[in-house]
Amino acid sequence: MTGTPAAPAPRPPGTQPSTRPMHEGLYRWSASFDAPALIAAFHDTLQQPEPGVIRNFLGTRIEALVYPPILAGREGMVEPVPDPGNWHADIAEWAAALHSVDKARGSYRIVELGCGWGCWITNMGVAARTRGLQVQLVGVEGDRRHLENAARTLALNGFGPGDWALHHAVAGPRHGKAIFPDPEGQSHWGAEPVFYPDAAQLAEAERSPGLQVLDCMTLADLADGGMIDLLHIDIQGGEADFVEGNAEGLAAHVRRVLIGTHSRVIEGRLIAHFLAAGWRMEMERPAIMELVGGRPDIRIDGVQLWANPALATE
């Protein structure tokens, strides 16, 4: 889930689906805190329906244009508390993100890598504002149409230009260039960048109307010398590379990291990396998969929340 809606991939002939409902896996989280109680504590029970927008349980205002296939026709709706999830995230991810707000003091700063329509920067900005925290909301996204929707969504929820910064770029373990899809006339979900292409690849990408060449931003670029209460990472399979390549920056600037995981291999790499660095796992739900042609096929991203032992507030 992790902020990026996706339809299940077509099933090859001769394969059988699981007989167990996929949503059962969304209840299989492990956490160091009471996830449902924390979500309930942030529930805005007094809000009213509003024509033209969808309001979620936090009170965040969302327009259907951010994802019409799901949201069109839901205008005027107030969504209930996610159980086990709503259209873009589940209990584990909602609670993990809200945990970072709950532990913040005085101010709240979130950086979202692969921010899409501004899902987590907007929602956590709304949650932090209800706690009286000053907010700084930073998003990185390779799809310029998503960035336009992110700016629109932030403004719709009352955040001014001084509250947020949006970067048309990709997050990477070091500086350089990346090739990213640039489809005409539509937003693109789930795209993976090609990092650090050679000269021939760059030249070909620059000639192609369906591709764009973007700068890679490191964590040091985004931290800009300050502290980050939550780093949310959803970069379509590049999460472990980013974490390993930015280990020093994470240790120095990030209190908590929330990661949408895209394979069991990536989950294992992240667990090994963070445990070796002394970080504490505060939330985990494994990626939900099915077997297709003898291979694991991820249907719903996993969730991991890690706390920096030197910086995380208790």
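**Strand pairing, a helix and a buried arginine**

Strand β8 (residues 177–181) pairs with β9 in the antiparallel sense, over 2 bridges. This is a predicted model.

Q: Why are β8 and β9 said to pair?
A: Two strands pair if DSSP finds at least two bridges between them. β8 and β9 have 2 bridges, so they pair. Ala178 stands opposite Phe195 in β9.

Q: What is the strand order in the open sheet of 4 strands?
A: The order is β7-β10-β8-β9, with mixed pairing.

Q: What makes β7 and β9 edge strands?
A: β7 (170–171) and β9 (194–195) each pair on one side only.

Q: How do you know that the span of helix α5 agrees with its number of residues?
A: Helix α5 (residues 144–156) has 13 residues. At 1.5 Å a residue, α5 should span 18 Å. Its end C-alpha atoms are 18 Å apart, so the two agree.

Q: What makes Asp143 a cap of α5?
A: A side-chain oxygen of Asp143 lies 2.8 Å from the backbone nitrogen of Arg145, at the N-terminal end of α5. A polar contact needs N or O atoms within 3.5 Å.

Q: What covers the buried residues of α5?
A: The cover includes β3 (61–62), α4 (119–130), β5 (134–141) and β6 (164–168). Among the buried residues are Arg145, His146 and Leu147.

Q: Why is Arg299 called buried?
A: Buried means under 20% relative accessible area. Arg299 has 18% relative accessibility, so Arg299 counts as buried. Arg299 lies in strand β15 (residues 295–300).

Q: Which side chain makes a polar contact with the side chain of Arg299?
A: That of Asp297, at 2.5 Å.

Note on methods. Residues are numbered from 1 along each chain as its sequence is written. This is a predicted model: local features need pLDDT of at least 70, side-chain atom pairs count only at pLDDT 80 or more; totals for chains, interfaces and linings use all residues. Side-chain values use heavy atoms; hydrogens and water are left out. The expected span of a helix is 1.5 Å times one less than its number of residues. Buried means under 20% relative accessible area, exposed over 50%, partly exposed in between (1.4 Å probe, protein chains only). Contact means heavy atoms within 4.5 Å. A polar contact is a pair of N or O atoms within 3.5 Å; within protein, one must be able to donate a hydrogen and the other to accept it, and residues adjacent in sequence count only if both atoms are side-chain atoms.
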